[in-house]
Amino acid sequence: GEYVDEAPTYTEPGEYENTYKMVVLEEGEPIAEVEGKAILTIEKAPLDATIVLPDTIVYKQDYEPTISKNPENASVTYEYKGKDEEDSAYSTTKPVDVGDYTVRATIGGEDGTEHYKQTVITKEFRINPDNTAPTGEITVAAKTWKSRLNQIIFGMFFKKSKSVTITAEDT
């Protein structure tokens, strides 16, 4: 092929082979020539991303992890396991029970994306119990108390038999 004075510039991942020719001059005259091949490999870059998810989630609160960077809109698969379980326990089923968990995000397919390697990142999180008191009311005969729902005191009621209704809602 033809030789050029400047080496080509490569920016895309891949393997590039170039043939080169060097000429050694002495007093402007060629005294030696060397030809050869150079192979340049540009690898895909690792993706510097993190999982975005609160450290603590309240029981029954919906949550959805995301990732901090995804410049090529690669597919992301989220998997979950108990914090102390083996990696073989990962599942795509999102945990809902109180406990400590690890979420793993796999970004890109097996070959990654056009410019990035497949990236696997993890984050630990906890699902805490919902300690919020339920709302509701207590009704005895025709009298209703809303402030005593979580403090039932039986001495407050009458000596006669009365109909008692307790209505509560826990979200």
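Tyr 20 sits in strand S1, which covers residues 14-26; strands here are DSSP runs of E with at least two residues, helices are runs of H or I with at least four, and both are numbered from the N terminus. The model is a predicted one, so local features need pLDDT of at least 70 and side-chain atom pairs count only at pLDDT 80 or more, while totals for chains, interfaces and linings use all residues. Residues are numbered from 1 along each chain as its sequence is written, and side-chain values use heavy atoms, with hydrogens and water left out.

With 35% relative accessibility, Tyr 20 counts as partly exposed, because that class lies between buried (under 20% relative accessible area) and exposed (over 50%), using a 1.4 Å probe and protein chains only. Together with Met 22 and Val 34, Tyr 20 makes a nonpolar surface patch of about 270 Å². Areas like this come from the Shrake-Rupley method with a 1.4 Å probe, and for residues only the protein chains shown count as cover. A patch takes residues with over 30% relative accessible area and no salt bridge, joining like charges within 9 Å and nonpolar side chains (Val, Leu, Ile, Met, Phe, Trp, Tyr) within 5 Å. A salt bridge is a side-chain nitrogen of Lys or Arg within 4 Å of a carboxyl oxygen of Asp or Glu.

Now for the protein as a whole. It has 0 helices and 11 strands, and buried residues make up 22% of its 171 residues. Thr 106, in strand S7 (residues 99-107), counts as buried because its relative accessibility is 15%. Leaving out residues up to four places away in sequence, Thr 106 touches Ser 75, Val 76, Thr 77, Glu 79, Gln 118, Thr 119 and Val 120, where a contact means heavy atoms within 4.5 Å.

Two loop residues have a positive phi without being glycine. Lys 60 has a phi near 70° and is found in the loop between strand S4 (56-58) and strand S5 (66-67). At 62% relative accessibility, Lys 60 counts as exposed. For Asn 73, phi is about 50°; this residue is in the loop between S5 and strand S6 (76-82), and its 69% relative accessibility makes it exposed too.
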